[in-house]
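User: I would like to learn how to read a few features of a protein model. Please take me through them one by one.

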Amino acid sequence: MNETPTRREIIEQFIPNSPHAAQLGIRVVSLGTDEAVVELPFKPELATIGEVVHGGAISALIDTAAMADAWATDEVPESVAGSTVSLSVNFASAASGHDLRAEARVAKRGGRLSFCEVSVTDSEGSVVAHGIATYRFG
């Protein structure tokens, strides 16, 4: 039995215990190899005006989904250090009063870098945003 946790096991514990993710309400729905699904339930505190979800909250959802996606492997890491080194977000439509779902997948995995693509949809299935992120281990 392996005593050292895998990357997937680490991220499964990290996100629920992250103060930032908890503040926003972000939760992991599923983690598969090189893929992750993360949700952001709507709450009035996330709105920029009326019920329109702030772009910063959507960007944080994309960043969290990409991080979860990058860590979604059964590899045992050399260290638990890592960070987003690049994040690009394109907004397609307003998210007004809806829970949001981010589906992330690794487009390419290198030695220390993972290149991830994330699509965000609302509870009706409409595309809200698309992001690409580069995540670095170590």
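User: In this predicted model, which helix holds Thr-64?

Analyst: Thr-64 is part of helix α3, which spans residues 55–71.

User: Is Thr-64 buried or exposed?

Analyst: A residue counts as buried when its relative accessible area is under 20%. Thr-64 has 9% relative accessibility, so it counts as buried. Setting aside neighbours within four places in sequence, Thr-64 has contacts with Ile-15 and Ile-26.

User: How should I read the packing of α1 with α3?

Analyst: Two packed helices are described by the angle between their axes and by the distance between the axes. Here α1 (residues 7–17) packs with α3 at an angle of about 150 degrees, and the axes are 8 Å apart. Angles over 145 degrees count as roughly antiparallel, so α1 is roughly antiparallel to α3. On the α1 side the contact is made by Arg-7, Arg-8, Ile-10, Ile-11, Phe-14 and Ile-15, and on the α3 side by Thr-64, Met-67, Ala-68 and Trp-71. Sorted by class, this contact has 7 nonpolar, 1 polar and 2 charged residues.

User: What about strands: how do β1 and β2 run, and how many bridges join them?

Analyst: Strand β1 (residues 27–32) and β2 run antiparallel and are joined by 5 bridges. Within this pair, Leu-31 stands opposite Ala-36 of β2. The two strands form a hairpin with 2 residues between them, and Asp-34 in the turn has a positive phi of about 65 degrees.

User: Where does Pro-41 lie, and is Pro-41 buried or exposed?

Analyst: Pro-41 is in the loop between β2 (35–40) and β3 (47–49). Its relative accessible area is 19%, so Pro-41 is buried under the 20% cut-off. Beyond neighbours within four places in sequence, Pro-41 is in contact with Gly-25, Arg-27, Leu-46 and Asp-99. Asp-99 is 58 residues from Pro-41 along the chain, yet their C-alpha atoms are separated by 4.3 Å.

User: What can be said of the whole protein, starting with how many helices and strands there are?

Analyst: The protein has 3 helices and 8 strands, and from the N terminus the elements run α-α-β-β-β-β-α-β-β-β-β. For 138 residues, a compact globule would have a radius of gyration near 14 Å; the 15 Å of this protein agrees with that. The C-alpha atoms fill a box of roughly 50 × 25 × 20 Å along the principal axes. Buried residues are 41% of the 138. Of the contacts with a separation of 6 or more, 63% involve residues 24 or more positions apart.

How values were computed: Residues numbered from 1 in each chain as written. Predicted model: local features only at pLDDT ≥ 70, side-chain atom pairs only at ≥ 80, totals over all residues. Heavy atoms only, no water. Helix = DSSP H or I, 4+ residues; strand = E, 2+ residues; numbered from the N terminus. Buried < 20%, exposed > 50% of the residue type's maximum accessible area, 1.4 Å probe, protein only. Contact = heavy atoms within 4.5 Å. Pairing = 2+ DSSP bridges. Axes fitted to C-alpha atoms, helices over the stretch in contact; angles between N-to-C directions. Parallel < 35°, antiparallel > 145°, perpendicular 65-115°, else oblique. Nonpolar A, V, L, I, M, F, W, Y, C, P; charged D, E, K, R; others polar. Rg over C-alpha atoms; globule rule 2.2 N^0.38 Å.
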